[in-house]
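Have a look at the picture first.

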Amino acid sequence: MDVGIYTIAIVIGFVIARLGVEYTNLRIEIGPVRVHHWMWATLLISIALFREYPEWVWGFLLGIALEGLRRDYWGWRVKR
């Protein structure tokens, strides 16, 4: 594994997720459940465990997941 590419991909994934959350109003809601970006990233990481992907894909997904996990609001129920 090329640690440099992996590390840069983590940072890029983190930054893209941060900008996406801060500057868009994109909400993915399935019925009463809000699916956060870190949930999607974790799901994709879980699926990727059974496939062969380059290290930048792993780093990018990890960066997205880490950005979401640092937030205070982890609620998954939609409040109307």
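Predicted model: local features only at pLDDT ≥ 70, side-chain atom pairs only at ≥ 80, totals over all residues.

A residue counts as buried under 20% relative accessible area, as exposed over 50% and as partly exposed in between, using a 1.4 Å probe and protein chains only. Residues are numbered from 1 along each chain as its sequence is written, and side-chain values use heavy atoms, with hydrogens and water left out.

The protein chain has three helices and two strands, and along the sequence they follow the pattern α-β-β-α-α. Here helices (H or I, at least four residues) and strands (E, at least two) are DSSP runs, numbered from the N terminus. Contact means heavy atoms within 4.5 Å. Of the contacts in the protein chain with a separation of 6 or more, 79% come from residues 24 or more positions apart.

Now zoom in on α3. Buried residues in α3 include Val57, Leu61, Ile64 and Glu67. What covers the buried residues of this helix includes α1 (3-23) and α2 (37-48).

How do we describe such neighbours? Two packed helices are described by the angle between their axes and the distance between the axes. Axes are lines fitted to C-alpha atoms, for helices over the stretch in contact, and angles run from 0 to 180 degrees between N-to-C directions.

Take α1 to begin with: its axis and that of α3 come within 6 Å and cross at roughly 40 degrees. That makes α1 oblique to α3, since angles under 35 degrees count as roughly parallel, over 145 as roughly antiparallel, 65 to 115 as roughly perpendicular and the rest as oblique. Among the α1 residues that meet α3 are Ile5, Tyr6, Phe14 and Arg18, and the α3 residues they face as a group include Trp56, Phe60 and Leu66.

Then there's α2, which packs with α3 at an angle of about 145 degrees, with their axes 8 Å apart. In this contact α2 brings residues including His37, Trp38 and Leu44, while α3 brings residues including Trp58, Leu62 and Leu69.
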